[in-house]
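Please have the sequence and the 3D view at hand while reading.

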Amino acid sequence: MSSSAKAAEAQRISLITPWRVRCGIATFSEQLAQGYAHHGREVYVSVLSRFSEKQPIYYNWLVSRAPDVDVFVVQHEYGLYLGNEGSLYDTIGDRKTPVVTEMHSTGNYNVDPGILARSDRVIVHNDYCAGRLPRNDKTVVIPHPVPMPKRIMGRDEARRELKLPLDKKIVLVFGFITPAKGHDVAVRAVAKMPDDVLLAIAGGWHTDENTPFISEVSGLAGRLLGKRALWLGYVPNDKMPATFGAADVILMAYKQATESGAFMTAIAHHKAVVASRLPNFAEKERHGIVKVFQEEEDLPGILQGILDDDEERLRMEGAAARFAGENSYARIAVRHLELFDSLVSSG
Amino acid sequence: MLLADAPWANTGYGKMAANLVRFSRVCGLDHIWGWTCIGGLSGGKIEWGDIQLYPRGQDMWSQDVVMNYYMEHNADVLISMKDVWLFGSLPSMPLDWAPLVPIDHSPISTHITAKLQTAFAPIAISKFGQIELAQHKIHSTYIPHAVDTNLYRPIDEVPKPDLKSRLDLPPGSWVVGLVSMNRSRKCIARQLRGFARFLENNPDAQKDAVMFMWTSVLPEGDSAAVDLRPIIRELGLNNRVYYPGQAMYEKGLPEVKMPHLYNTFDVLTNVSSEGAGLPILEAGSCGIPQLVLRYAAGPEYWTSGAIVNCADIEYWSTPGVPFGLLDIDDYAEKLAKIYNGDPEKYRRRALRAIKPFNWESVVRRFWEPFLGDLESRVRPLVKKDGISAWRSNLVK
């Protein structure tokens, strides 16, 4: 690279995001920032308070104290800003610096046009999210990165670590237990499968320790599955390899999603995934890493098909491994940096 | 930014906060620049040395103003020095909150754990508190209370009888001293009962043992306080228990005079139901033995003297926490042990054990790494070689 090209790099990046809290976007940002830094960039994080009551002036303040940088990157999810995006972008606008917003979901027609108008580029993770934005020439689709697992653990080793039976088949549901994740669908599906199929539920609460939904799911699992339901609780990072390693197949019976960090984590652990026919999952079917179901009644058959066909399961796991390699945080970070650099160059 | 009573307020928290600022400067730390006052300042901002003091708000704990001050001051972290259960709206504000959390009971009240769910960096002032918090999956950093050992020291240049005379105590008396607010949780009445039992069991001590209480014997209009006068009368201690006149107590002693007060004592009684307390350290630093309760963090702060057993627990504060109640017989026995013990031995032990609680040592060992770590957590700068902290023109 010539020295003149190097001068057009977005060397100093301001990242506005939650940080080091129990929050998917915080985890995402931490890994992405490492990816930027790996390529020699400096990432100045403005830590956005996650679980608090924020007034518009807070967002002005947050941005006003950020140092001078080459590009502002805003990690966006509606719940983080509570409709106060205007305050944030007003203050960023005063800095006369390129702005890239990464939208983790789209489709709020009160908010999206404003973000598009005030950002130089908007990153979304899939075509579905892009399609939910008003027509524009700023949207760039860059996939959600796949995290690097601590290690890939074999089934028997993982089950021994977690003290799970070696002679059963295990369907794993992973992620915060909220109604949108379809834990109830998973329970009903596994209940219709043979007794040697168990449902492992891994994940904790997101905001409240014992929500009505958690009570509902635990009641349903108790009635329909009895001891075939395995409650693994919140999974700390060091237990991820064992949790995924122990599963034969991962189920994501989501009722709503725009993209899923939990899905990427499953792929990171080279696992076969069955998911609801939501656009973000359906888009990935062509990579051979996921099978989608339309109707709940089809689900037991699809799961059983994978559990009974080792060749098919191994084919999906191999596809997952390839997809993970091609979409690692390091590789996705490069695509982000190319985008940032293009803005700096054109500015 | 600190959230605490004003530096000149006559409270333990005010004193702690003022000393933290003072000694962090002595140790070359430049983290604390702003202070939102809970009490002791209203009407306008003023400067206290190089610290910007912000006045209290309408809310009793300044929660109505602290967020604005935090932003105006461009603060990164708010260190509060007040019981956390008192705060209502603070835990849901978008600021990085590092509450100093005294845990003086077990198990911890949900009034406290609920407030800490969103806390950024809780500070446990005892190992006991840190373990209790950990049992509720609340990670905290251990930073003990501290004492200015240069100020609080044995005053050998004034003979003890002279110090006693200054408080109108019989010059040859053996003084059991108490330094405390008058609140039911401080168990002053029960300590008086223990003192009476000691006299009853040890007739030889009746010749010289007296008690001096630096407290208000009147209830001060606070429902949590106790009128101590009828109890003193009832126990037949009229001629043995001394206390300052109300005006003198309200006026308070300047801190430079507090070591003189402690040096008047032969033993400090701090057998409060909460266990630990700042007077335990201050007395220890003056070489005075202490009587403390074997409850919560009491034994951690004790440096010399004796530890009194708990007879029972009682629930009597707003957050409904279990407090320890001293065993009156054991109190009398332990007091007798100190009465008959070697004062020089107690003094040597106290002065040796107090060293880790010296302010400079606590700032260097605990506050400096804590504040340094916070900086990279609130303003992370991620680079190829690791995570450090960024600073802008707006951040001092």
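Predicted model: local features only at pLDDT ≥ 70, side-chain atom pairs only at ≥ 80, totals over all residues.

## An enclosed strand

Strand E3 of chain A spans residues 71–76. Six of its six residues are buried, so the strand is largely enclosed by the rest of the structure.

The burial concerns both faces of E3(A). On one side lie Val71(A), Val73(A) and Gln75(A), and on the other Phe72(A), Val74(A) and His76(A); all of these residues are buried.

## Strand pairing

E3(A) is joined by four bridges to strand E1 of chain A (residues 12–17), and these two strands run parallel. Val71(A) in E3(A) is the bridge partner of Ile13(A).

E3(A) is also joined to strand E4 of chain A (residues 99–103), here by five bridges and again in parallel. Thr101(A) in E4(A) stands opposite Val74(A), a residue that is itself buried.

## Cysteines without disulfides

Across all chains, a search of the whole structure finds zero disulfides. For Cys129(A), the closest cysteine sulfur belongs to Cys23(A); the two sulfurs are 17 Å apart, which is too far for a bond. Cys129(A) counts as buried because its relative accessibility is 1%, the cut-off being under 20%.

Cys187(B) is likewise in no disulfide, and the nearest cysteine sulfur, that of Cys310(B), is 9.0 Å away. A disulfide requires the sulfur atoms to be within 2.5 Å. With 3% relative accessibility, Cys187(B) also counts as buried.

Conventions
Residues numbered from 1 in each chain as written. Chains lettered and ligands numbered in written order. Heavy atoms only, no water. Buried < 20%, exposed > 50% of the residue type's maximum accessible area, 1.4 Å probe, protein only. Pairing = 2+ DSSP bridges.
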